[in-house]
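Here are a few friendly notes to read alongside the structure. Please keep the 3D view open as you go through the points.

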Amino acid sequence: MFKKLRLGLKFIVILAIVFVTSMVLSGFLFSATAHHQAEEQVAANATMLMEMVDAVRNYTNVQVQPLLIDQIDSSQEFIREAIPSYAARQSFEFLRKRKQYSDYFYKDAALNPTNPRDQANEFETALVREFRQNPDLKERSGFKQAEGKTLFYVARPLKIQQRNCLRCHSTPDMAPRSQLATYGAKGGFGWEMNQIVAAQTVYVTGEEVFQSYQHQLLLMLGTFAGIFALMLLLINLLLHRMVIQPLIPMARITRKISLEESSTALSEAADLRKLDKVAQRSDELGQLAEVFRQMTSVISNREQSMQQLVQKLRYETDNAKRAMAAVRSTGGMNITELIQRSRKSRSQSTLRSQTDLKSLLHSVPAFQQFSEAELERLIQLGYEIELPAQDIICREDELGNTFYIILSGSVEFYVVALDKHLRTQHAGAFFGELALLLGMPRTATARTVEPTVLFAINQAGLQTLLQEYSHLAETITHQLNAYKAEIEHRKDILRRHDLLHDEKTFSQNFLGWARDRMRQVFGV
């Protein structure tokens, strides 16, 4: 299934898998980190409150109790405010009246308390016993569940370290009468020096803190998911623009090659223009496009060369048929004489081609400034064709891939569908550039008026010629201007082949439009 997906979808699937995996791992790691940070914050809050409680206890013990010690003995009512544990507990109760601390709690949890509200529960009893069994243990903290809530606790051992504490907690006989009147003689007695009698415990709720960190975690993961989704979109757009789009023209051209379509189809302007843009890049795709462009050019050139060879063989075959017909009409030339005449004709044609072709080409106005070496180069790019009178060179509505130069004789042009004669061209003129330049079928049928010698150049050869001799491009462009009226009648064909993007320029500045087409097709 995955193999059948397009390249863009494959990348999306792979990135989506990476994204989900990253989200799961990140969520696990971030959750553990957030939970740990929440525990640290709750522990810090509990420790701060414990320190506050110890400060109240010390203040009461050092500052308040000495001032009230005489009144405790003489007063009929027990002065609880002079007791450090009571002062700490009451201070904490005032703190709990604030909404944000309503779930916090402080308690001097004792196994044998004076005040029944300080009686240790099962959990706190275990803490006191643990502190007694481990005298070096200074603090115990952790989480516990109480009434459906998660509470963090900090507990410290409460040890009798001052002898004045035994005055109220050793025996009922030594305790103030006001204490016995208030709390009785059963609880809070029998304590000894350095004995751990209670667990000083602060409870702090962690629900809000944990919810805050969970909210931050979800916000962070949501932000991460949004950023990743945006990156996924951008990567998909860049992938489509930088990779997939450049591969599309290569794929189309490759398909045409595999279907053995004509060189004209291989050289379709739109695909090649896109390929040329990609080839300008310096990355791997640019290098691939350059190699692919060269390969396409080689294939196109070979096909056109093959077409030229086939066309040349066709002309020679036609000549041979005419020669055979002439033999039959004369009634009896033997085969040996025919072969000798053919060899003589070929030898004369070759000799004339070698000696006179340069002169014929030099007589063409467009090549009069060419040197001897340049004429030889021109001959390498094309080939000579000899045609008898009334021979069809090319037909209207056929795809054109050859540029012709008339060396001698004359050629007439007419439209069969309209039964209309267009013009007659003589030695020095050229034709066929219209179909090559516009990439459209030929607009007229060309036929020799008299025995005619042509010099033919295929599309690849013409492109090489124009690139090496740029002044010829301007000559051909001006020649196209003479055909404007003829091209005007073919607007529908131009539109159908997507060649008429700017009709305004075509109508008002045809010469500029023709130059632009020359640059697009031949790169000159």
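1. Look at the face of α3 turned away from its buried side: the exposed residues Glu 122, Arg 129 and Gln 133 sit there. Exposed means over 50% relative accessible area, buried under 20%, and partly exposed in between, with a 1.4 Å probe and protein chains only.

2. Now turn to the other group: Glu 124, Thr 125, Leu 127, Val 128 and Phe 131 of α3 are buried. They share one side of α3 because they cover an arc of only 160° around the axis, taken from the directions from the helix axis to the C-beta atoms. An α-helix has 3.6 residues a turn, so residues three or four places apart point the same way.

3. What do the buried residues of α3 pack against? Their partners are the strands β1 (105-110), β2 (140-146), β3 (149-159) and β4 (196-205).

4. The N-terminal end of α3 is capped by Asn 121, with a side-chain oxygen 3.1 Å from the backbone nitrogen of Phe 123.

5. Zooming out, the protein chain has 18 helices and 12 strands, which are DSSP runs (helices H or I, at least four residues; strands E, at least two) numbered from the N terminus. Of its 524 residues, 40% count as buried.

6. A word on reading all this: the model is predicted, so local features need pLDDT of at least 70 and side-chain atom pairs pLDDT 80 or more, while totals for chains, interfaces and linings use all residues. Residues are numbered from 1 along each chain as its sequence is written, and side-chain values use heavy atoms, leaving out hydrogens and water.

Terms used: Contact means heavy atoms within 4.5 Å. A polar contact is a pair of N or O atoms within 3.5 Å; within protein, one must be able to donate a hydrogen and the other to accept it, and residues adjacent in sequence count only if both atoms are side-chain atoms.
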